[in-house]
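The following note collects numbered points on the model for a colleague's review. Please read them alongside the sequence and the coordinates.

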Amino acid sequence: MTEQPLRVAVIGAGPAGIYASDILVKKTGGNVRIDLIEQMPAPFGLIRYGVAPDHPRIKGIVKSLHRVMETEQIRLLTNVHVGRDITVAELQEHYDAVVFATGAVGDRELNIPGADLEGVHGAGEFVGFYDGNPRFERDWDLSAKEVAVIGVGNVGLDVARILAKTGDELKVTEIPDNVYDSLAQNQAEKVHVFGRRGPAQAKFTPLELKELDHSPSINVVVDPEDIDYDEASLEARSNSKSQDQVCQIIEQYALREPKDAPHTLQIHLFEQPVEILGENGKVTGVRTERTELNGDGSVRGTGQYNEWPVQAVYLAVGYRSDAIEGVPFDAQRNVISNDGGHVVDESGAIVPGLYATGWIKRGPVGLIGNTKSDATETIGMLLDDAASNNLTPARGGDITELFEERGIDYLTWADFGRLDAAERALGEAEGRERKKYVEWEEMVTHSRATV
């Protein structure tokens, strides 16, 4: 590597982008200059806009991300839309390498009849609403008395829990007033969570699953008939302490006496949704087919069908990444085409100087630990290329000069500090740690405030 600092743009200031930046600084001994470019006015991505507000424990990760952001080699540039404000080709002129860490915020579709009925929502849309993401709805119809959540991962669990809690339980969190106003009108009395396989295949984490029972408002129910294991399921339990804990917690819910609570949250296993039922264009129910284990952990349909009366359905079947103009994209997997780190073209050839990490690289699976190992792999490839002189040196000057020429209203880490202080002050007035600003321009205005 030359003595000149490596110049790198990391696109996306969520955990994936911040971890990649941190690893770059450490692996180069600080001989790097990184611009962390983010489309939103605020950094932290999924931690700010994808974690349920009643999970401050997970949001504590922000503290470690803050420390990384204060590293002198890293410069934050938010409120910049790559592909609109600036092209990928222009980035390549200004940097030796570009790392894409743009994550996944769209909802995957569930291809069953009735998925287009009024009252069917992507879980990500609801998460965007209750987390105050400025790109999502401000109001939410919560008039349904019975609700279905399709998907047995942590996102489905978050959605189900928020729907089963009271607005007042959540008012102590950082939710903005518009979210509280909607949640205070929530009519849901029963929330059904559907998964097509069994306890050993559920994608919950143990702590998330156990925390359901911490709310006095929620009676968690599991039918004992939904507890079943085949040989592969037993092996999955023995090979994973975490999965074994999930199975134990589900078994405890199935065996205990019902809890006296106003809202019931029932986890249905071995029920595969096959149709969303409706009348006059609106949801009236969900039809599921009972499944059974095959012996290898997979399931087959039994031909037995059940119908569940619900008035709203939330599809928690996975997030979907968006393509970036000028970057090869695998539309089948909804990820940037890559070989584990390098961006590759249609023929599989490496596109020099372009890299991917996080969910845009591997799809929306895994936890923070996976994101760190992902970043380590990608940055390792980038540094190998730098050491082998396989990177085209940057030719352009400071990217902010181009932003200023174009009138791009970019924000910095210092600007975010002002927004952060304003949100904390807003929350403090109500005895809360923080209360979010949710309108885009409002966020920019508070970032720019001088007092």
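1. In β3, Leu 76 is the bridge partner of Leu 36. Strand β3 covers residues 74–77 and runs parallel to β2, to which four bridges join it. Strands here, like helices, are DSSP runs numbered from the N terminus (strands E, at least two residues; helices H or I, at least four). Two strands count as paired if DSSP finds at least two bridges between them.

2. On provenance: this is a predicted model, in which local features need pLDDT of at least 70 and side-chain atom pairs count only at pLDDT 80 or more, while totals for chains, interfaces and linings use all residues. Residues are numbered from 1 along each chain as its sequence is written, and side-chain values use heavy atoms, with hydrogens and water left out.

3. Strand β2 (residues 32–37) is mostly covered, with five of its six residues buried. Buried means under 20% relative accessible area, exposed over 50%, and partly exposed in between (1.4 Å probe, protein chains only). Strand β2 also pairs with β1 in the parallel sense over six bridges; Ile 34 in β2 is the bridge partner of Val 8. The chain passes from β1 through helix α1 (residues 15–27) to β2 in a right-handed β-α-β crossover. Right-handed means that, with the strands pointing away from the viewer, the path from the first strand over the helix to the second runs clockwise.

4. Pro 5 lies in the segment before β1 (6–11). Its relative accessibility is 26%, so Pro 5 counts as partly exposed. Leaving aside neighbours within four places in sequence, Pro 5 is in contact (heavy atoms within 4.5 Å) with Asn 31, Val 32, Arg 33 and Asp 96.

5. Axes are lines fitted to C-alpha atoms, for helices over the stretch in contact, and angles run from 0 to 180 degrees between N-to-C directions.

6. Helix α6 (residues 123–130) is itself mostly covered, seven of its eight residues being buried; among them are Phe 126, Val 127 and Phe 129. Gly 132 follows α6 and has a positive phi, near 70 degrees.

7. A further open sheet has three strands in the order β11-β12-β13, with antiparallel pairing. Strands β11 (271–279) and β13 (299–309) stand at the edges with a single partner strand each, so one side of each is left without a neighbour in the sheet. Eight bridges join β12 (residues 282–293) to β13, and Glu 289 stands opposite Tyr 305 in β13.

8. Finally, the axes of helices α16 (residues 413–428) and α17 (residues 440–448) come within 7 Å and cross at roughly 105 degrees. The two helices are therefore roughly perpendicular to each other (angles under 35 degrees count as roughly parallel, over 145 as roughly antiparallel, 65 to 115 as roughly perpendicular and the rest as oblique). Asp 415, Arg 418, Leu 419 and Ala 422 of α16 make the contact with Met 443, His 446, Ser 447 and Arg 448 of α17.
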